[in-house]
Amino acid sequence: MSTRSASAEDFPQFPPGFFFGAATASYQIEGAWDEDGRGVSIWDTYCRTPGKVADGATGDVACDHYHRYPEDVALLRDLGADSYRFSVAWPRIVPEGTGAVNTKGLDFYDRLVDELLAAGVEPAPTLYHWDLPQPLEDRGGWRVRETAEAFADYAAVVAERIGDRVGRWMTLNEPFCAAFVGYAVGRHAPGAREGEGALAAVHHLLVGHGLTVQALRAAGAREVGVALNPDRLVAATDSPEDLAALVRAETMHNDCWFDPLFAGRYPLHEQETWGEITDFGFRREGDLEIIGQPIDFCGVNFYRPITIRATPYRDEDPAVRTAADIRAEETWQEGPRRTTMGWPVVPSSFRDLLVDLAARYPALPPLVITENGSAEADVPDEDGVVHDADRVEYLRGHLQALSQAVAEGVDVRGYYVWSLLDNFEWAFGYDRRFGIVRVDYDTLARTPKDSYRWYQRFLAEHRSRRS
Ligand code: FCB
């Protein structure tokens with residue numbers, strides 16, 4: 001029998017005001033895809049396109065969070081979470097993307113927010129976690145400016161309804177994925193394989209962010225940020241080819257987001273990155289001001305480092321080939337353990353990324369870690385409990401690296417683990433599990449894993465040092 005007390009565990013240390021929570025996203029957990037007037041999203045369509053998502057999975061039911069949210073909020077409360085990062089499904093609120101508002105959709109988030117507050121958990125919504133209303137995609141999606149404007153209008157509607165009880169807002173989640181994975185290589189909805197066509201999406205996502213910051217401010221929002229996924233990129237060798245590929249990859253993964261948002265410019269190396277693409281006609285005068293207006297925090301989603309090697313891309317489709325030249329080839333570092341996503345576990349790269357970002361962008365607002373976690377080969381015991389020692393090790397290692405970055409002076413205010421629940425992992429369907437709570441997809445029963453219990457003890461210890 002173990003007599004170790006919680007405080008005897010080797011927990012990473014954080015300043016007393018540092019907050020902790022867990023994150024999810026609407027399409028990945030809600031289900032209820034056609035209930036209460038919800039419109040169709042690009043992910044509904046993508047999932048129904050044969051061959052796109054593993055096992056033909058969809059988010060139709062997912063974790064059924066739409067009906068089971070009281071149970072999920074109770075899990076957050078028992079965890080000791082300060083905050084819950086969830087996303088609002090745009091097609092529930094404005095089913096056609098513009099125009100008529102669906103009150104029943106707003107009612108759901110209203111109930112969720114009240115349930116969270118009653119449980120002592122701060123609601124922290126993200127307004128766009130990839131579920132674009134299909135009618136907007138039919139009119140051009142993020143390729144066109146109308147979508148950016150529609151995004152701000154929808155945000156205003158949400159803020160008007162729940163803004164009185166919400167302290168922390170996020171506009172976009174990982175616009176890198178929405179633009180490049182969605183429109184260049186087509187591995188995410190809407191599945192467009194248009195190579196450089198994604199550059200218009202990059203721009204309109206950024207403009208949509210800026211217009212939405214304005215809309216939220218006008219509605220009296222207190223704290224507004226965005227959740228990006230800056231990558232820690234490392235050249236495979238110092239050959240001129242690999243170093244040139246690194247510059248292109250930095251432009252695409254990091255600079256084309258951070259430069260307009262926090263340095264008032266389009267990325268420095270864009271000409272050498274996008275090659276002969278010179279038609280940036282979708283950019284308007286004044287856009288950099290809209291995009292770069294001050295925000296209160298920058299969210300960072302971090303999972304793993306990426307090694308960049310210059311390699312000819314193998315896709316036969318010329319449009320996609322162009323995108324991939326932009327992309328360079330990502331290979332994984334040899335050596336470290338990998339999660340079931342194939343991602344190498346290198347906690348020190350988390351510290352390196354944060355220290356580097358703070359040095360590169362003097363105007364960077366405070367950071368919040370908006371996602372971090374790992375997919376593991378979870379096997380439940382006979383009681384349905386998963387003893388996920390690998391996930392615990394992943395979390396401990398990354399929290400330790402984060403604590404080190406904070407000790408070195410990087411201004412980070414909070415951390416959300418991805419994810420509260422096992423859920424729909426996009427093109428991987430239900431095959432990859434990131435939750436600290438197991439979801440049995442036959443019964444939809446939730447069972448906390450060992451990682452949940454570890455995080456719970458860590459939070460209790462952190463809290464005990466606050467008083
Ligand atoms: C991020 C997404 C999130 C989740 C994790 C594993 O790219 O923002 O929805 O799928 O990866």
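Predicted model: local features only at pLDDT ≥ 70, side-chain atom pairs only at ≥ 80, totals over all residues.
**Ligand shell.** The list I got is Gln 28, His 129, Trp 130, Asn 173, Glu 174, Asn 301, Tyr 303, Glu 371, Trp 418, Glu 425, Trp 426 and Phe 434. By class, this shell divides into five nonpolar, four polar and three charged residues. For the classes, I counted Ala, Val, Leu, Ile, Met, Phe, Trp, Tyr, Cys and Pro as nonpolar, Asp, Glu, Lys and Arg as charged, and the others, Gly among them, as polar.

Numbering starts from 1 along each chain as its sequence is written, and side-chain values use heavy atoms, with hydrogens and water left out.

**Polar contacts.** Next I looked for pairs of N or O atoms within 3.5 Å. Glu 174 has a side-chain N or O atom 2.6 Å from a ligand oxygen. For Asn 173, a polar side-chain atom sits 2.9 Å from an oxygen of the ligand, and for Glu 371 I read 3.0 Å, again to a ligand oxygen. On its own the ligand has 290 Å² of accessible area, and the protein covers 95% of that (Shrake-Rupley, 1.4 Å probe).

**Barrel.** Then the sheet: eight strands form a closed barrel in the order S1-S2-S3-S4-S5-S7-S10-S11, with parallel pairing. Pairing here takes at least two DSSP bridges between two strands; strands are DSSP runs of E, at least two residues, and helices are runs of H or I, at least four, numbered from the N terminus. Neighbouring strands are turned by 25° against each other on average, direction ignored.

Helix H10 (240-262) touches S5 and S7, at about 160° to S5. Contact means heavy atoms within 4.5 Å, and angles run from 0 to 180 degrees between N-to-C directions of axes fitted to C-alpha atoms, for helices over the stretch in contact. H16 (450-464) lies across S1 (19-23) and S11 (412-418), at about 155° to S1.

I found a cis peptide bond between Trp 418 and Ser 419, omega about 10°; Ser 419 is in the loop between S11 and S12 (437-439). Trp 418 is also one of the residues around the ligand. Ala 189 and Pro 190 are joined by a cis bond too, omega about 10°, with Pro 190 in the loop between H8 (175-184) and H9 (198-218).

Definitions and conventions. Near = heavy atom within 4 Å. Polar contact = N/O pair within 3.5 Å; in protein donor to acceptor, adjacent residues only side chain to side chain.
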